[in-house]
Amino acid sequence: MNENRARHIGIRFTRVLLIAGVAGVTASGCEVTNPGPVQDEFLAQPASQQGLVNGGVRRLAELLTYGSYTHAILARELFPGGQTGFMGHDPITQSGHILPGSFSNRWNDGVQARFITETAISRFLEVGAPDNILYQAYLWNAFAYRTMGEFWCDAVLGPTDPDDTTPGTYEQGSSGNFERAVASFTAALGYASTPEETHAARGGRAAAHAWLGDWGAAASDAATIPDDFVFWINYDDELQPYYNTIFEANARQPAGSYSVIYTFFDEYYTATGDPRTPWFEDANIPYATASLDTYGQVEWKNQRKYNSRNDDQRIVSGWEMRLLEAEAQLNSGNWQAAMTIINRVRTRNISDTTGEALDPWVAMSMEEAWTFLKRERYIELWLEGRRLGDERRWAATNTPGALDTPDWESTAFAPGSRTDMFTRNPRSYCFDIPESERDRNPNVPPIS
Amino acid sequence: MMSRLSPQFSRRSRAFRRFGKGGLGVPVVAGLLLLASAPAHAQNGRVTGVVTDAQSGAPLGEVQVYMVGSTLGTLTRSNGRYLILNVPPGSYELRSERIGFQTLTESVDVPADGTVTMDFAMSTEALGLDEIVVTGAAGAARRREIGNAIAQINLADVPERQVNVSELLQASAPGVHVIGGSSEPAQGKQIRLRGNSSVSMSNQPIIYVDGVRIMDDAFPRVETPGTGLGRPALITVTPLDMINPNDIERIEVIKGSAATTLYGTEASAGVIQVFTKRGSAGAPVWTAEIQQGTGWMQPFGAPGGDFIQMEHYMRDAWWGGGYEGGQYAPDCVTDDDRWQGVNASPQGACSWPGSVWFQNYLLSVRGGGQNLQYFISGQYQDDSYVLANDELEKYNFRGNFTITPVEDLQIQWNTGYTSQWLSGTPSGNNAEGIQLNAFRQERNYVGSADPREIGKLLEYEFNQTNERLNSGITLTYTPQARLTNRFTFGYDYSNQEGQNQRNFGFFLKPLGSRTNDTFQRRVLTFDYVGTFNLPVTSTINSNFSWGGQAIGDSEVRLRLLGEDFPGAAEPTVSSAAIKVAEEDREKVWNAGFFFQNVFDISNKYFVTGGIRVDGNSAFGSGFGLQVYPKVSGTWVISDEDFWDPGYGAIKLRAAYGQSGRAPGAFDAVRTWEPSGYAGTPAFTPENLGNPDLGPEVTREWEVGFDGTWLDDRLRATFTYFDQRTTDALMSVSAIPSQGFTQSQLENVGTVDNSGVELQLDATLFQSSNFSVDAGLGIATTNSNVVSLCKGETEPSDVVLARDPNAKCIDRFFDLGGWIIEGQQLPVEMGRRVINRDEIAPPQFDDDPYTPAAPGRTGENVIIGPQLPTRIITPTLALRLPSNILLSARGEYLAGHVQYVNEISISRSVRSPLCFPWYVSPKTSIELKSETPAIWRERCTPGFGRDYWFDADYFKLRHVSLTVPVDAIFPESVSNATLTATLSNFYDWFREIPWYDPESLGNSPALDDGIGGQTERVPSPATFRMSVRVTF
């Protein structure tokens, strides 16, 4: 090839490549737009409003599905099987104790449920939104506060304006959470347009009133709600974060994390066949997976209240309202009236073993009536994440009557050697504010 | 009687197995011999001779001897002899070349039908001062100009046969630390150059192949979307290890910001550049190699639990039975039997467990004319590994072409393609992992200690395909002698498709599930460098360089999950009742330009000054322009007139430079995640955002020298480096109750890192038949978290991420350890027993950070650094008559601690760690009364126990024997060697009583810290034989 011609071709080739390179850089887009995450300013657009509310509900579902499971262990609604990792608990939680500063994930779910719905309320009020959307935002905000109040010993209450970055203040006890819950339930009622919407908000508010000791208001709200009303938090098999965790944790895929053995419901269901507390055994699966700290393998008996990852969990029900009415009567000294309500709740159920309606409880005193009220709430609200709060609430007000919570501290478990795991640490009744909040928020005291 | 646990371990074709135990070896060797025995032409002449080392007189093999300007050439045999056939009569320039030696050229006249003999005695290059290095320099530079340390690994000098690049780098140079090791196929490793210098960003160096940036971190672990399950095999493949080591000519490593400034934002963890072989003018030179290898597990458990009940799931020895994996051998001796004192069963002892079989077939050819040179290679690798389902099959192709269409333009086009398929065994810290369930015995997820029950987990299928294409075209245009322009365009494509499948009927998931995880990453490289050389005076020369680079990096990940199939048919995700999909996409551009000038004064003094300006799309529209300066100087003091040559040859050097690291694509902006909820759209808070975010900047200065003494028989390279990272990017937690619960990157704090690197090599004895060479590499690193405060703020305890007055953050967890002011980066914290050897209940160190809470006494004591602070790498090479070479390379790592507790003692699982202290290790966790305090602590179920061990250890990485076997081949075979390499055969641990400190967590090659170990099987000892023939 002629050298000049070759040189010419070479230079031209180089130019073409250089131009192609520059064009490539430009065309490939130094201006980068990454898909996926959504920026703040798009949240209030009408089409995004439902999604924002749903985000709050999702976080509440995550809090409730995992939190109810943990509370079931602490409330001795379930006996731990020893599983510590996937779908399990650390040995100290299994023993009934909540380590100070632990469970930051649950805290994050709760505060985000509150924060997202507050962001929704703030943005929607600013740009306008349909009543139904505002109803949902207030309602779920109220349930977030109510659940935080029931699950945590203390509260951190900050500005409800999501753009105000003032750190929240620490408040001992749960009253602040319930007061905000009441306020949001009340606001939701202002946007409710159907009876069901009204029942959900009133039912939620009734329980919050009860926590605040306002039994008149609690009974008044409860009385408006029919027996058969139920309001659920939606669990779904789409993603693990909002599976029904109590089901999943014992579904042997692969974990079998707990048992009903040694709980009140072990013998109670055998004796009564109460359809509200069913459980079963499987000859092929003698033990829960893993093994329990100092104890060994745990005989496996599985609850049957939840039978799939999709099974939703009640957060308001007409029968819960009846028991609130009964408790209001007890607080007013009307134990006979209370027992009438309690037995109405109870005897509607047909025994799985006899096919007959359950026998009513027979109380001879105020104290016995309290005992049956507590027992009936234990049964009616089994595995709904409510028991631990009930025990804390009753302890705070020194209510009479006995609890059916088993005394594992002094139980000699069979078979095998007795475990001392339940005596190492005191039993907890609520989550502690996590270390992540205590470390970052100057208003929250360090772990004491 | 043996019974098979699982009838189907692998779905891939077994076509290659039809060749039997010999694999492809026999046909390939036969083919090579045929090719090698091609007849010679008449009339033409021959050129022959011997090439020797001028210092020792020893023959030199693999020296390229060729006729300049022709296609005629060859390589010397191991006895130094060469023979060039079919040389047309005439006059030629005959040249001999080998890396590390001075090139020699002689004139020869070749007669018709005659033979010319020309011998060469080649001298080593003192300090290699005129060797060309590329990495970190603008364009290319002679080593004498470079003010920073640069490690160069020439593959021709590496005696052992490596199958991946990370092992090649292991213990190769001071300051290069390769981390990790396990029994899984293609399991990648992490690389640290001079330890950690960043808290929240990657500490992995960036990697180039022939000037083209490649994906430098590992492929993600195959994961199931929306659930914590489905992570069975835990294999993280690295692109670096997919390169065929036999395609590599050399690797250059620059370790700190003083050297990496011109790479700008992203380069402060160092740069590794791989240079693949190029074609050379001359007749085609073929190289064929066959490698066959095996391996076996050495005990990795405590006495009484040598293999921690894993014998049943490892492949048995192929020489013992010849069957493939998954065999359950109930009649042979198990751990438990050994513990009971039974050393042999009536049926005989277990086979040597965990044997593996490696096959590797390589073929390459290089050659070409004046205008076109080529190097083309191919590789086929077929390995079976320790665990029953572990297999790897790999294909590798490369074509490198050098085209010189005109004198002043050279086009270099290099392309490499790799495709590998691997099958894994469900493993690791995973409910459906073999190890976890075998280790925990009846207290496991299977609910049984029976190996036949645990073995059902082998039906969990894990398959993964990784593909990589790396192609780059470089134009070097030199319109005049003083002006050079180099333009590189590169495209790097990585693809991974992984499937985790539990078939319909799988015992822990009866309706089955299938995960399909697809990952793709594309890296585009645009790189221009111009250099103009200008003599300023007769003794001062100026070399001015300028250039610009743009790196575009985009990735896509699609994860699918299908659960609950209607029947036993071969499933797809589509056939499942429940389907979950996740999609992630991300693109980042990093671009910059630089100017640099090198003043060359009398070829003895060199002063370099440069500046790099960089921007990154992660900083939004402002592109976050950042300026990084560099300056360096060298002084070849031994070239001074006053220098007595008896003092040796010495180059002094010093360098200062800056480089940085950019945050992720979304870190600067506040975002919400469109996460969905039960089939409806939903947003949840994701990233708090920080519009003021900038890159963290690492500045480094280093001083050192390169020297040789005693006629090059003693060689040393010494470097002291001192790094400071300012505006360090740290993951700062927000106040959770304010809604954004994820941590946010902030420019907070200062981190220091300093150390020394010394490489000492000595020829202790040399003659024409024998030589003894010894080497010692020493590297120290001393990192220090100086401050966790913004700017110049004094450290304080205040921690307020969103408070505008907040300046400091508190200690926090990252890099798999704790980041604490005044401590190494990172340190491990935990409980420490102070009365370790007392026969008494354990007592603990006081906790300086957290008041004792119930059950947590003394839990936050600083135990020690996570990374080794001292690494010593001894080497030894013995050259025997006939050029037989015996070499060894070891590595001692010290100064760090490691957490070892694979067995969940907390839930009263019996752990082999504690076997010596159990009264009855087969049935109970009751401890002997004479158990010392430290072991009472470790072996009692509870929370937060003292499982920390002094992690000092030594490993003999390789012992290699290279034997020239030219003699058995015809003369047309220029070179043939037999190499036997024994790897990972001997180790020593200071305190860790069992296991292997190099076995890491669930994502060994991902840059998420190296802190703890989980339930894994460590690397086996391996033995590989290789025959390589060049003709």
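## An open sheet in chain B

In chain B, four strands form an open sheet in the order β4-β3-β6-β7, and the pairing between them is antiparallel. The edges of this sheet are taken by β4 (73-75) and β7 (104-110) of chain B, and because each of these has a single partner strand, one side of each is left without a neighbour in the sheet. From one strand to the next, the twist averages 20 degrees. The model described here is a predicted one.

The pairing at one end of the order can be followed in further detail, since strands of a sheet pair through backbone hydrogen bonds, either parallel or antiparallel. Strand β6 (residues 90-97) of chain B is joined to β7(B) by 7 bridges, and the two run antiparallel. Within this pairing, B:Ser96 has B:Leu104 of β7(B) as its bridge partner.

## Chain B as a whole

The sheet belongs to a chain in which 7 helices and 52 strands are found. Chain B has 1031 residues, of which 54% are buried.

## A buried valine in a loop

B:Val446 lies in the loop between α5 (434-440) and α6 (451-454) of chain B. Is this residue, B:Val446, buried or exposed? B:Val446 counts as buried, because it has 24 C-beta neighbours inside 10 Å, where 20 or more are needed for that class.

Leaving aside residues up to four places away in sequence, B:Val446 touches B:Asn437, B:Glu453 and B:Ile454. A separation of 10.0 Å is found between the C-alpha atoms of B:Val446 and B:Ile434, which are 12 residues apart along the chain.

## Two helices packed in chain A

Two packed helices are described by the angle between their axes and the distance between the axes. In chain A, the axes of helix α7 (residues 195-211) and helix α8 (residues 215-223) come within 8 Å and cross at roughly 160 degrees. Because angles over 145 degrees count as roughly antiparallel, α7(A) is roughly antiparallel to α8(A). The crossing in which α7(A) passes α8(A) is left-handed.

On the side of α7(A), the contact is made by A:Arg202, A:Arg205, A:Ala206, A:His209 and A:Ala210, while α8(A) contributes A:Trp215, A:Ala217, A:Ala218, A:Asp221 and A:Ala222. Sorted by class, the residues in the contact of α7(A) with α8(A) are 6 nonpolar, 1 polar and 3 charged.

Notes:
Residues numbered from 1 in each chain as written. Chains lettered and ligands numbered in written order. Predicted model: local features only at pLDDT ≥ 70, side-chain atom pairs only at ≥ 80, totals over all residues. Pairing = 2+ DSSP bridges. Axes fitted to C-alpha atoms, helices over the stretch in contact; angles between N-to-C directions. Buried ≥ 20, exposed ≤ 12 C-beta atoms within 10 Å, placed from the backbone. Contact = placed C-beta atoms within 7 Å. Parallel < 35°, antiparallel > 145°, perpendicular 65-115°, else oblique. Left-handed = near helix turned anticlockwise from the far one by under 90°. Nonpolar A, V, L, I, M, F, W, Y, C, P; charged D, E, K, R; others polar.
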